[in-house]
Amino acid sequence: MGFEDSIMQTIEYAKETLGNIDRSKLQLLALSSAGVGAVLCYLAWKQSPKTIPVGDGWWGAGEKPLTEDETIHKFVVTTSVEEIEDLHRRIDQTRFTDPLEDSRFNYGFNSNYLRRVVSYWRHQFDWEKQVKVINQYPHFKTKIEGIDVHFIHVRPVQKAGQTVLPLMMVHGWPGSFYEFYRIIPLLTKTDSDVVFEIICPSIPGYGYSDAPHKKGFNTLEAARVFHKLMERLGFTEFYVQGGDWGAFITNNMAQMKPECIRGLHLNMVIARTDSFGQLLSLVIGRYLPFLVGFTKEDVRRLYPYMEKNIFDILRETGYLHIQATKPDTAGCGLNDSPVGLAAYILEKFSSWTDLGNRDLEDGGLERKFSLDDLLTNVMIYWTTCSIIPSMRFYKENLKKDFKTRVDRVTSVYVPTGLAAFPDELLHCPRAWAGSRFTDVRSFTYMSRGGHFAALEEPLLMAQDIIQFVEKVESKDHK
């Protein structure tokens, strides 16, 4: 007897058995089955983790001491003539390679345009002036788990009747706290009923935060460190916002201590996309989107699926494989050459803002950004020698199967606002977001913008954060 015959025989036997049961007993059986199913689903839901472990760590050099200085110190970014002269000497010694004809940005940062950027950097960019721009907001450092954690802390201009709410904003790679400088004024001075007290930390290993001295510092460790930072500042409840690695870290913060997170706002939506239901929705969604909860905008952003979600991602993630395996090797050259570092970082600000920029001679860099802002971000990496530790963050997070990590199999239960920018590298429909976020209060299809949303489109981003927080606050206070 074949497998198919066995299946058919089993089905026929079940039909015959059910046919011999009277109607009242059949109804009772159906109700009982439904009840058992409901109980099993409830037990599975109840037993699934609602939080992830907080844990503890020590990332300083040597052994952990018995006590740790918890003082918060003021910090001022400084520079020197020697630092600038060394930069100029290295720039002057740069060796350029001519690009291929008509290659534009499809082979990486086009060296013809790179010469223009470097000329501006060498002869017009004023690092001393930009240091003053950086210092316009108060900077601080405090030691947590053995490393100095840098952050800016900006208090709002509060109008009568406004509620002040603390908001931590977390950057990613290859960005920095400086990404938020254009959005901070829009959040600390508003016409809304809410206004924000902003805390922007530097991820350990980035910028002015110390780099971990030990292996294993990933987004879970960063989330715990940032919780400790907020506790040290006296905040028991607060909002968090993030994109790129910042999205993962703030997700983890919400999973770790949901009682502390009033709301989570993301401009990069992270959801599981490996279930059978999602695979089925991909097949059906292009032709019958309403059956799987897709909107017309979802269809426009998702398809053709292989081109946008497989081939484009393969073209844009070569850096990820390097940084997730041997970051120190590639990092040596970047840490020694300012022009190499600038090309490596600024290429991401080109293609991740809009993949269409790869077909432009100048990579479209100055369409959304000024060279002063772009080079200031590069200088934060250059002057702190932080490119290598920032690259190591990929290895620490991807050294094991990322999909089986505790945070990837744990849902997020805090109120969540999702801003889906059209030129983000990957699009996640709201129908998929529900697989991870159980309380989505806001899902916005943003009209324009890409990966570096706070720097690209600060007004749009600020408006979305404010409307999300207003929804949370109004519902929670009803």
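Let's start with Thr 410, which is buried in this predicted model, with a relative accessible area of 2%. You'll find Thr 410 in the loop between α17 and β8, and β8 covers 416-420. What does the side chain of Thr 410 reach? It reaches the backbone oxygen of Val 406, at 2.6 Å.

Now, a quick look at the whole chain before we go on. There are 20 helices and 9 strands in the protein chain. Of its 478 residues, 51% are buried. And if you take the contacts with a separation of 6 or more, 79% of them come from residues 24 or more positions apart.

Let's move to another threonine. Thr 142 sits in strand β2, residues 139-144. Is Thr 142 buried or exposed? Its relative accessible area is 0%, so Thr 142 is buried. Its side chain makes a polar contact with the side chain of Arg 232, at 2.8 Å. If we set aside neighbours within four places in sequence, Thr 142 is in contact with several residues, including Glu 70, Thr 71, Ile 72, Phe 151 and Leu 229. Arg 232 is on that contact list too.

Staying around β2, have a look at Glu 145, in the loop between β2 and β3, where β3 is 147-154. Glu 145 is buried as well, at a relative accessible area of 3%. Here is something to notice: most residues other than glycine have a negative phi. Glu 145, which is not a glycine, has a positive phi, near 55°.

There is another residue of this kind for you to find. Cys 385 is not a glycine either, and its phi is positive, about 50°. Look for Cys 385 in the loop between α16, residues 371-384, and α17. With a relative accessibility of 45%, Cys 385 counts as partly exposed.

That brings us to α17 itself, and to its partner. Helix α17, residues 387-398, packs with helix α13, residues 327-336, at an angle of about 155°, and their axes are 9 Å apart. Because of that angle, α13 is roughly antiparallel to α17. The crossing of α13 past α17 is right-handed. Which residues make the contact? From α13 we have Pro 327, Asp 328, Ala 330, Gly 331, Cys 332, Leu 334 and Asn 335, and from α17 we have Ile 387, Ile 388, Met 391, Arg 392 and Lys 395. Sorted by class, that contact holds 7 nonpolar, 2 polar and 3 charged residues.

Next, please turn to helix α7, residues 219-232, where Glu 221 lies. Glu 221 counts as buried, at 15% relative accessibility. Not counting residues up to four places away in sequence, Glu 221 touches Trp 59 and Gly 216. Between the C-alpha atoms of Glu 221 and Asn 252 the separation is 9.2 Å, and these residues are 31 apart along the chain.

Last stop: the backbone at two prolines. Most peptide bonds are trans. From Trp 173 to Pro 174, though, the peptide bond is cis, with omega near 0°. Pro 174 is in the loop between β4, 163-170, and α6, 184-188. Tyr 303 and Pro 304 are also joined by a cis peptide bond, with omega about 0°. You can find Pro 304 in the loop between α10, 296-302, and α11, 305-316.

Definitions and conventions
Residues numbered from 1 in each chain as written. Predicted model: local features only at pLDDT ≥ 70, side-chain atom pairs only at ≥ 80, totals over all residues. Heavy atoms only, no water. Axes fitted to C-alpha atoms, helices over the stretch in contact; angles between N-to-C directions. Helix = DSSP H or I, 4+ residues; strand = E, 2+ residues; numbered from the N terminus. Parallel < 35°, antiparallel > 145°, perpendicular 65-115°, else oblique. Left-handed = near helix turned anticlockwise from the far one by under 90°. Contact = heavy atoms within 4.5 Å. Nonpolar A, V, L, I, M, F, W, Y, C, P; charged D, E, K, R; others polar. Buried < 20%, exposed > 50% of the residue type's maximum accessible area, 1.4 Å probe, protein only. Polar contact = N/O pair within 3.5 Å; in protein donor to acceptor, adjacent residues only side chain to side chain.
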